[in-house]
Amino acid sequence: MSRDVKRSARVSGRLREELSVLLRRLGDPRVSGARITRVELTEDLSFARIFIRHELGAEGESAQQRLGAGLESASRKLRGELTRALGLRAAPQLRFVYDSGIDAQNRVEELLKEIADEG
């Protein structure tokens, strides 16, 4: 069982690296500036949740939706490229999720600073 976990972690790292390269080559303006923050891969390697964000941070909900739409439309092509690049029989299904964790962290820091300034 631990061997499977190690394999999924290893493939997850490679998947992140390869996707980063593929996204830069994609040429779709909707995904320009996309950055992969992390990849969660199931143990059987059949499903990958890819957390993405803009390099410059949140640019509004419409920009996030455009980014998601661009990635979803390219997912079939990306899966084909990943299958070859990673040497897998089949690439996992890709689900792109906008990573808003950093935005939330920044907001908490802003609130804490406001509280400190008031006190």
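Buried means under 20% relative accessible area, exposed means over 50%, and partly exposed lies in between (1.4 Å probe, protein chains only). This is a predicted model, in which local features need pLDDT of at least 70, side-chain atom pairs count only at pLDDT 80 or more, and totals for chains, interfaces and linings use all residues. Residues are numbered from 1 along each chain as its sequence is written, and side-chain values use heavy atoms, with hydrogens and water left out.

**Overall layout**
- The chain has 3 helices and 3 strands. Both are DSSP runs numbered from the N terminus: helices are H or I with at least four residues, strands are E with at least two.
- Their order from the N terminus is α-β-β-α-β-α.
- Of the 119 residues in the chain, 34% are buried.
- Take the contacts (heavy atoms within 4.5 Å) between residues at least 6 apart in sequence: 59% join residues at least 24 apart.
- Accessible areas come from the Shrake-Rupley method with a 1.4 Å probe; for residues, only the protein chains shown count as cover.

**Nonpolar core**
- A nonpolar core is a set of buried Ala, Val, Leu, Ile, Met, Phe, Trp, Tyr and Cys residues joined through side-chain atoms within 4.5 Å.
- The largest one has 26 residues, and Ile50, Ile52, Leu78 and Leu82 have the most contacts inside it.
- Helix 1 (2–26), strand 1 (34–41), strand 2 (47–54), helix 2 (61–86) and strand 3 (93–98) each give two or more residues to this core.
- Strand 1 and strand 2 run antiparallel and are joined by 7 bridges. Two strands pair if DSSP finds at least two bridges between them.
- Arginine 38 stands opposite phenylalanine 51 in strand 2.
- The two strands form a hairpin with 5 residues between them.
- Leucine 45 lies in the loop between strand 1 and strand 2. Leucine 45 is not a glycine, yet has a positive phi of about 65°.
- Leucine 45 is buried, because its relative accessible area is 10%.

**Surface patch**
- Val108, Leu112 and Ile115 make a nonpolar surface patch of about 300 Å².
- Patches are made of residues with over 30% relative accessible area and no salt bridge; like charges are joined within 9 Å, nonpolar side chains (Val, Leu, Ile, Met, Phe, Trp, Tyr) within 5 Å. A salt bridge is a side-chain nitrogen of Lys or Arg within 4 Å of a carboxyl oxygen of Asp or Glu.
- Valine 108 lies in helix 3 (residues 101–118).
- Valine 108 counts as partly exposed because its relative accessible area is 47%.
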